[in-house]
Amino acid sequence: MTTVPPSGSHGPTGLDAHLVVTRAAFHLDITLTAAPGEVVALLGPNGAGKTTALRALAGLTALSAGRLRLDGEQLDGTPPESRPVGVVFQDYLLFPHLTALDNVAFGPRCQGATKAESRAVAAGWLDRMGLTAHAGAKPRRLSGGQAQRVALARALATRPRLLLLDEPLAALDARTRLDVRSQLRRHLAEFEAVAVLVTHDPLDAMVLADRLIVIEHGRIVQQGTPADIARHPRTDYIAHLVGLNLYRGRAEGHTVKLETGPAITVTEELTGDVFVAFPPSAVTLFRDRPAGVSARNLWRCEVAGLETHGDRIRADLTGELSLAADLTTVGAAELDLRPGATVWATVKATQTHAYPA
């Protein structure tokens with residue numbers, strides 16, 4: 001790692017990368033750009049290429065083609081230790097024989113600072129993380145949340161121009177995760193360079209990132225702000241991630257004829273290829289066809305499965321339309337829902353959302 005600014009630089013310009021990594025059974029080809037101060041989250045299913053992208057940025061995986069520039073400096077072929085990059089690994093990888101203070105001081109020491117200077121920098125970062133009282137503790141004496149903050153302090157102590165976080169909250173229990181997520185958001189908000197976060201957790205991504213990039217099969221399938229991604233999912237994976245039923249079809253006015261399945265009535269008036277989305281909570285179920293309910297957005301379905309989803313029951317339905325429906329435990333009991341049961345599902349047009357494909 002180094003903090004030497006690139007020659008000829010007129011100030012930080014951020015990340016400009018085209019990452020191409022080819023392996024026997026996998027091909028990654030994505031373009032990443034980010035401005036200084038921006039937090040970008042890479043989301044995607046297992047095997048999508050998120051970690052490969054992160055390793056390529058860190059220099060731990062060689063590019064097969066493409067480019068990697070940081071603040072105008074070409075980093076292709078630059079060894080990991082010479083890149084102005086800080087990494088927080090999923091398992092933190094703290095040195096077990098060093099105290100928290102010396103773990104954080106390790107980076108500045110490698111950059112040429114004296115032992116006293118390095119420890120002074122480390123002490124400052126531990127203070128910012130609220131860990132001054134744990135400076136003399138070794139990793140085995142730290143809680144998961146404390147170890148995560150030490151790892152973050154160690155990465156930031158080198159003053160990196162690119163901060164990489166690989167599933168930084170995955171090793172924490174649910175209670176600790178809430179507190180550490182909040183603290184991490186504050187530290188990332190103060191970070192003046194580029195931060196790239198890899199996570200499989202949509203909540204982590206939505207809370208921590210300014211922009212989301214969704215990768216599937218080594219390609220970018222959608223990117224945008226968290227609000228835009230949540231409101232306009234463009235693949236089944238993203239829809240499932242944000243908890244929506246998603247369909248594609250062709251719109252004529254307020255009617256969308258699905259590619260596979262029935263028509264859905266929507267409030268928007270559109271023409272052409274569109275997506276239609278609605279949350280599982282918008283679905284109302286009946287055991288018998290309801291009297292007095294319009295035939296629009298009413299489908300005969302079969303319960304394919306039931307599972308607990310938070311404090312509700314989620315029913316997976318197949319039939320005229322495959323969809324997910326959320327209902328209370330009491331509601332599921334009153335309907336006597338069970339796999340194989342026939343139900344009628346309905347959704348009000350006002351609870352759907354249609355947008356151009």
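**A tour of the sheet and the cores**

Begin by selecting Leu 212 and Gly 224: Leu 212 stands opposite Gly 224, which is in β10. What you are viewing is a predicted model, where local features need pLDDT of at least 70, side-chain atom pairs count only at pLDDT 80 or more, and totals for chains, interfaces and linings use all residues. Residues are numbered from 1 along each chain as its sequence is written, and side-chain values use heavy atoms, leaving out hydrogens and water.

Next, colour β9 (residues 211-216) and β10; these antiparallel strands are joined by 5 bridges. Strands here are DSSP runs of E with at least two residues, helices are runs of H or I with at least four, and both are numbered from the N terminus. Two strands pair if DSSP finds at least two bridges between them.

Now widen the selection to the whole sheet. It is open, with 6 strands in the order β6-β7-β8-β3-β9-β10 and mixed pairing. At the edges stand β6 (85-88) and β10 (219-224), each with a single partner strand, so one side of each has no neighbour in the sheet. From one strand to the next, the twist averages 20 degrees.

Contact means heavy atoms within 4.5 Å. Then show helix α4 (residues 144-156), lying across β6 and β7 and running at about 170 degrees to β6.

Zoom in on Ile 213, in strand β9. Is Ile 213 buried or exposed? It counts as buried, at 0% relative accessibility; buried means under 20% relative accessible area, exposed over 50%, and partly exposed in between (1.4 Å probe, protein chains only). Beyond its neighbours within four places in sequence, the contacts of Ile 213 include Leu 32, Val 40 and Ile 220.

For the last stop, select Val 104, Leu 126, Val 150, Leu 152, Leu 163, Leu 165 and Leu 188, which touch the most other members of the largest nonpolar core, a group of 46 residues. Such a core is a set of buried Ala, Val, Leu, Ile, Met, Phe, Trp, Tyr and Cys residues joined through side-chain atoms within 4.5 Å. Helix α4 gives the most to this core, with 7 residues. A second, separate core of 30 residues includes Leu 258, Phe 278, Leu 323 and Ala 325.

Conventions. Axes are lines fitted to C-alpha atoms, for helices over the stretch in contact, and angles run from 0 to 180 degrees between N-to-C directions.
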